[in-house]
Amino acid sequence: MADQNKIRNFCIIAHIDHGKSTLADRIIEMTGLLTSREMQSQVLDNMDLERERGITIKAQTVRTVYRADDGEEYIFNLIDTPGHVDFNYEVSRSLAACDGAILVVDAAQGVEAQTLANVYLALDHDLDVMPVINKIDLPSADPDRVAEEIEDVIGIEAQDAPRISAKTGENVHDVLEQIVSHIPAPTGDPDAPLKALIFDSIYDSYKGVIVFCRIKEGSVRPGMPIKMMATGATADVVETGYFGAGQFIPCEELSAGEVGYITASIKNVSDTQVGDTITGRDNPCAEPLPGYKQVTPMVYCGIYPADGAKYPDLRDALEKLQLNDASLQFEAETSAALGFGFRCGFLGLLHLEIIQERLEREYNLDLVTTAPGVVYRVHKTDGTMLEVTNPSNLPDPSEIDYMEEPVVDAEIMVTSEFIGSIMDLCQERRGIYQSMEYIEEKRALLKYVLPLNEIIYDFFDALKSRSRGYASFDYTLKGYERSKLVKLDILINREEVDALSFIVFADSAYARGRKMCERLKEEIPRHLFEIPIQAAVGGKVIARETVKAMRKDVLAKCYGGDITRKRKLLEKQKEGKKRMRQIGNVEIPQKAFMSVLKLDEDK
Amino acid sequence: MEEGSVTNGEPLELYLHIPFCVKKCAYCDFLSAPATDDVIEDYVGVLKQEIMQKAACVSERNVTSIFFGGGTPSLLSSMQIMELMETVRKAFQIDPDAEITMECNPGTVTAGKLLAMKVAGINRLSIGLQSAQDGELRTLGRIHRNADFLSCYELARKAGFQNLNIDLIYGFPGQTAESFSKTLREVCGLLPEHISVYRLIIEEGTPFYDWYHRDAERRDAGEIPKILPTEEEEEKMEQALRKILSQHGYQQYEISNYARQGKACRHNIGYWTGVEYLGLGLGASSMMDACRFQNTSDLSEYMKEDFSPREKIHLTGEMQMEEFMFLGLRMLCGVQKHEFYKRFGRDLMQVYGRQIRKLSAMGLLTETTEDVRLTARGVQLGNVVFAAFLKSGI
């Protein structure tokens, strides 16, 4: 059994791009787990997508051994946390598995909204936060200012914070020593009944579900019957072990204070929800660990295979992704325009994009995605309430008493010169101003209540472009508020296209409808006849565009030497048509269905 | 030769490709380039070799038409033209009534050369005028001016040519309905037997393509003027085209071709009605024994006398029927039902009834007991019709 005093369980928290993964790499490298040659850049971000986007999607964990300057060997469990607001709950569970946190702050950029949000989360979990100032090799680095800022804004001591360059490795040794000296060793009675926190789980086709956990009390070993306290699922432990770099290393036992994994021939990740408490079936602990909640999707959209015959493939792919991602939800739905597909629920827009990209890349599927929306609450005149995720399911307006939409508490950190334009943006997005405080001379923290459906499309991009990249943003769900919402329908050649409908704030309906018609006019090719494109609310047309009839389409020349080439040209033209969706007499290209997503692109 | 089996006296068309020109035009994507006299001389020598080699397998065939295309075949010297025709005559059995056409650039001929062509047996010239407006000729990158054309035309008549075609283009940058009408009237006034009028196609790899695609965004945004005539202007051009040509007694017999009575180009009609053809010269295509193939497009390979067939495609019965339709329907007289039956032993309506009915309902085809043909709107939207006959139906 490991000596608790020689264990350090910690995570690294940082704003995107402040160097979290690079520091993690250095720590792994310098504690000798891997030689630098074995290191693929950023070991922890092991999905292609994560590396490309520079963000962490799934929590990753590594155990490494550090021989400190005091001559002792310490076990470091580095628990990497997802780096995006969409995954806040996962972040909170990962934090709960730690005893301390390294806060990485960019020496040039300083404290950002997301940094704050994560620090608050860490402090909420009673973690000791150990600041590190990174990127001191940048010409614009100002570590003194940033140290002051950390003290002023966050209120933690930062004068002895290591000033490092994770990129070059400079002063990273100080970080390792401070982990030993500043981060507390775990506590917990190894002889008490088992109490372990699930902070992640993945599906492995050989081992079944692999549960990542932190043992808070007691111990667990192969053969022991266990129980998940929230889901009630039971299983017998098959294997316990530690996290090597990219591999699982079995061990005889995990006991209080340790971080490791359990396999127990569990087939479904939904039985091992993040945040749940594992205990012994025969000798359970009295109380589960606090903080568990069932994650609920915030953003929904329809996902359809471009080729209808690929529907079973799409279902298989979603099922496989769900094995690793309990927060992904989906159920079958049909659309008159798009055929058979799935209504899928996501934690946020980034989560949606990630799933979409993984389906396309890893499962080689061509997809049509409908406009993302949130969960609306429809209060009907008969007193019942309905939750609507698909605009097509909205009841007739005459049956609706009123509707509610989800709103979030948003915190935006921005330098003073951009406050005006960011406030304009929030105003345009129906934000309700709450407060503004200067956290230092030139930076302010703006607080707004914003409707979730106003931020799921492109709010983040708009924020970045209007602040030249300086604003940062974080939000938490606040609740539901009554709102004036309408369903905007799109009619193509006088036929309503269900997949293009969306729910929109009544006052924005005209502008969005007009934009949508303009966009569709560009996307829909000319036909032999004129095609009206109309936007309508409650049967009343509010905008219209027309795709003119095709005037001319004929090969001017076709002689002996041209025939093969011209034949191919005609075949290609025909092939292109096959990939379109037929709505009435009109052929609509797949990407027209996605055009609604890009409505604000050219702003 | 593997395309072997010979059918006695069956008609065969010859196409001879001359891949040289004085200078590439701005819209041209044909296999053609400027070359030195020595290269041209060597090429003619190799072409003669090919003619002799390939003729051996088809010596019994009745050659009903010969077409010298390019490039600019009229770039050849009188001597080269005479030699080539002499070789062809020796190698093949040529129908006494054969149509023998040579494409001709007004900037490359003299009275003597035209006479040599006539003497060599060429009986039809296709003169590439493109526009009768000098400014437009410059835009197109042509080497000649309208005056060159007029003298060429006159000399051709003097040399005794009684079958002349004039090639025109419309829809190019800077052209207007007015300037096009002027060109049409001037050309019609000369009373050529045949006029071809092609709508400009902007082909990849041409100066026009680069011009068109460069700054496309700024043009769309209206920051700089659009290059091509507007749709409305083009519509006007087409109205003028129909009106002026019919006023002067020309009948449209194909998408881009107009002729006086009995003067339609037999060679091209051969392509559209499934007559077999043998292509000779660089990159030339052939259709023989239900196979289409082509010569190498690499001049150095060709000069090493590599005459082996490339990109050979065997046309299945179904493909032959499809092509019979999509090529036959280019002609305004359409596809004759009895011709289809004669050729394939199947009833046209049984094979393509579904497509024909659907296209008729769309107003693109008309069907009678005798034939199926394009409507006026079908002529505008021919690709919709042609594509419908390709595999997998509509």
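First, some housekeeping. This is a predicted model, in which local features need pLDDT of at least 70, side-chain atom pairs count only at pLDDT 80 or more, and totals for chains, interfaces and linings use all residues. Residues are numbered from 1 along each chain as its sequence is written, chains are lettered from A and ligands numbered from 1 in the order in which they are written, and side-chain values use heavy atoms, with hydrogens and water left out.

Let's begin with confidence. The term here is pLDDT, the predictor's confidence in each residue, from 0 to 100. Chain A has a mean pLDDT of 86, and 92% of its residues reach 70 or more. I will also speak of helices and strands, which are DSSP runs (H or I, at least four residues, for helices; E, at least two, for strands), numbered from the N terminus. Which elements of chain A have the lowest and the highest mean pLDDT? The lowest, 51, belongs to helix 2 (residues 48-53) of chain A, and the highest, 96, to strand 8 (residues 219-220) of chain A. Over residues 34-47 of chain A the pLDDT is below 50, and this stretch has 38 contacts in the model beyond near neighbours in sequence. A contact means heavy atoms within 4.5 Å.

Now to the inside. In soluble globular proteins, nonpolar side chains tend to be buried together. Buried, for us, means under 20% relative accessible area, exposed means over 50%, and partly exposed is in between (1.4 Å probe, protein chains only). A nonpolar core is a set of buried Ala, Val, Leu, Ile, Met, Phe, Trp, Tyr and Cys residues joined through side-chain atoms within 4.5 Å. Which residues touch the most other members of the largest nonpolar core? They are B:Phe92 and B:Leu125, in a core of 70 residues. Helix 1 (residues 37-55) of chain B gives the most to this core, with seven residues. If you click on B:Phe92 and leave aside its neighbours within four places in sequence, you will find it in contact with B:Leu14, B:Ile51, B:Ala55, B:Val58, B:Val63, B:Leu278 and B:Leu280. Apart from that core lies another, of 53 residues, among them A:Ala371, A:Ile400, A:Ala444 and A:Leu450.

A:Tyr433, A:Met436 and A:Tyr438 make a nonpolar surface patch of about 290 Å². Patches are made of residues with over 30% relative accessible area and no salt bridge, with like charges joined within 9 Å and nonpolar side chains (Val, Leu, Ile, Met, Phe, Trp, Tyr) within 5 Å. The areas come from the Shrake-Rupley method with a 1.4 Å probe, and for residues only the protein chains shown count as cover. A:Tyr433 sits in strand 24 (residues 432-440) of chain A and is partly exposed, at 39% relative accessible area.

Next, charges. Side chains of opposite charge can pair when their charged atoms come close. We call it a salt bridge when a side-chain nitrogen of Lys or Arg is within 4 Å of a carboxyl oxygen of Asp or Glu.

A:Glu362 pairs with A:Arg358, with the closest N and O atoms 2.9 Å apart. These two are four residues apart in helix 8 (residues 349-362) of chain A, so about one helical turn separates them. A:Glu362 is partly exposed at 43%, whereas A:Arg358 is buried at 16%.

In chain B, B:Lys54 and B:Glu50 meet in a salt bridge at 2.9 Å, N to O. Both lie in helix 1 of chain B, four residues apart. B:Lys54 is buried at 5%, and B:Glu50 is buried at 0%.

Another pair is B:Glu323 and A:Arg567, with closest N and O atoms 3.3 Å apart. B:Glu323 lies in helix 12 (residues 317-328) of chain B and A:Arg567 in helix 13 (residues 563-578) of chain A, so the pair joins two chains. B:Glu323 is buried at 5%, and A:Arg567 is buried at 6%.

Last stop, the backbone. The peptide bond from B:Gly70 to B:Gly71 is cis, with omega near 15 degrees. A:Asn171 has a positive phi of about 65 degrees although it is not a glycine.
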